[in-house]
Amino acid sequence: MKKPISTSNNESSQDEPIVYLNGKYVLLSHAHISVLDRGFTFGDGVYEVIPAYDKNLFRLQHHLQRLNDSLTAIKISNPLTAQQWQQSIEQLINNNPYDDQSIYLQVTRGIAPRDHRFPHKENPTVFMMTTPLEEQSSEMSVSGISAITLNDNRWKNCHIKSISLLANVLLLQEALDKGAKEAILLRDGYATEGAASNLFIVQNDCLITPPKGPLLLPGITRDLIVEIAQQQKICLKEQNISETELHNAQEIWVTSSTKEIAAVTRLDGKIIADGKPGPHWHKIMQAYQGYKRTLRTS
Ligand code: PDD
């Protein structure tokens with residue numbers, strides 16, 4: 001395990017998390033930004049969620065590349081180099097006590113008088129925090145989760161990991177209110193992704209996930225599953241999934257950095273296959289856990 005790196009800016013407390021704000025490490029209760037920050041007034045910013053296992057970052061370079069792509073798409077210059085990001089994130093991780101962590105980072109267009117036009121001078125706000133990363137419940141691997149389908153009413157730039165998540169929040173809450181754990185979104189008769197996850201189905205023993213493009217987030221977990229399938233010579237196709245194919249699938253999974261690979265065993269109240277995570281899920285999940293184990297010992 002790596003040792004905490006101390007800086008003169010650091011603060012410490014027994015039980016309060018330390019967060020990063022614009023180059024400083026401070027107690028969460030001491031981290032303040034102006035109400036004029038464009039993240040607050042416009043949702044004008046982007047974010048990443050990166051898991052760390054035994055304080056080792058999961059696919060950091062992939063997350064930093066996606067962050068850079070999101071920043072480029074919304075025309076904010078990346079405020080830190082890849083090396084500076086890595087150092088700052090590692091320092092944050094080492095200054096917090098938990099072994100497994102979920103790092104949340106966001107970059108906004110910064111503080112400026114409220115005006116839709118971009119401010120003349122760029123001064124992005126960078127905020128990072130980390131929370132304990134919970135182990136997936138054993139119940140989930142026995143019974144899976146339930147999901148419902150909902151109309152994908154988001155904008156058409158879903159590849160940008162925008163902090164403007166109101167549509168996703170409303171969709172996920174609707175699923176929860178209806179007793180499900182996730183919403184699988186349908187646009188023009190095709191499934192795109194979950195409210196906070198990517199989508200895979202198994203059809204004729206082949207894994208299928210929708211191709212990357214503006215209608216879904218290019219998930220880091222999704223990419224690892226694609227890589228695992230290629231390494232293990234498991235049939236995998238990146239192609240559109242119609243609503244009918246979704247409902248007739250052998251298996252359905254939703255994937256994300258925090259959910260990992262969750263098998264959907266009930267969709268719109270109907271049981272999928274025999275109501276348990278299927279054999280393809282077990283196989284990919286085993287490889288995924290193996291990947292995590294390698295990371296832990298690195
Ligand atoms: N969300 N699609 C959407 C809309 C998401 O919000 C997420 C993850 C994913 C999966 O991406 P990844 O495998 O890189 O985590 C797909 C994060 C976890 C969140 O918003 O908290």
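View 1. D100 is buried, with 15% relative accessibility, where buried means under 20% relative accessible area, exposed over 50% and partly exposed in between (1.4 Å probe, protein chains only). Helices (H or I, at least four residues) and strands (E, at least two) are DSSP runs, numbered from the N terminus.

A note for all views: this is a predicted model, in which local features need pLDDT of at least 70 and side-chain atom pairs count only at pLDDT 80 or more, while totals for chains, interfaces and linings use all residues. Residues are numbered from 1 along each chain as its sequence is written, and side-chain values use heavy atoms, with hydrogens and water left out.

**View 2. R154 and E193, a buried pair.** Both R154 and E193 are buried, and their side chains meet in a salt bridge with an N to O distance of 2.8 Å. R154 sits in the loop between β7 (145-151) and α5 (166-177), and E193 in strand β9 (residues 190-194), so the pair links parts that are 39 residues apart in sequence.

View 3. D223 is buried at a relative accessible area of 17%, and R222 is buried at 1% relative accessibility. The structure holds 16 salt bridges.

**View 4. The largest pocket.** A volume of about 650 Å³ belongs to the largest pocket. On a 1 Å grid over the protein atoms alone, a pocket is an open set of points with protein on both sides within 12 Å along at least five of seven lines, whereas a cavity is a set where a 1.4 Å probe fits but cannot get out; lining residues have an atom within 4 Å of a point. Grid points are joined across faces, edges and corners, and a volume is the space filled by probe spheres set on the points. Of the 32 lining residues, Y47, K161, N168, A195 and A196 lie nearest the centre of the pocket. Elements giving two or more residues to this lining are β3 (45-53), α5, β9, α6 (220-231) and β14, and α5 gives the most, with five.

**View 5. The largest cavity.** Searching the whole structure finds one cavity of 30 Å³ or more. About 50 Å³ of space lies in the largest cavity, and its lining includes W253, V264, I272 and K276. β14 (251-256) and β15 (260-267) are the elements that give two or more residues to this lining.

Conventions: A salt bridge is a side-chain nitrogen of Lys or Arg within 4 Å of a carboxyl oxygen of Asp or Glu.
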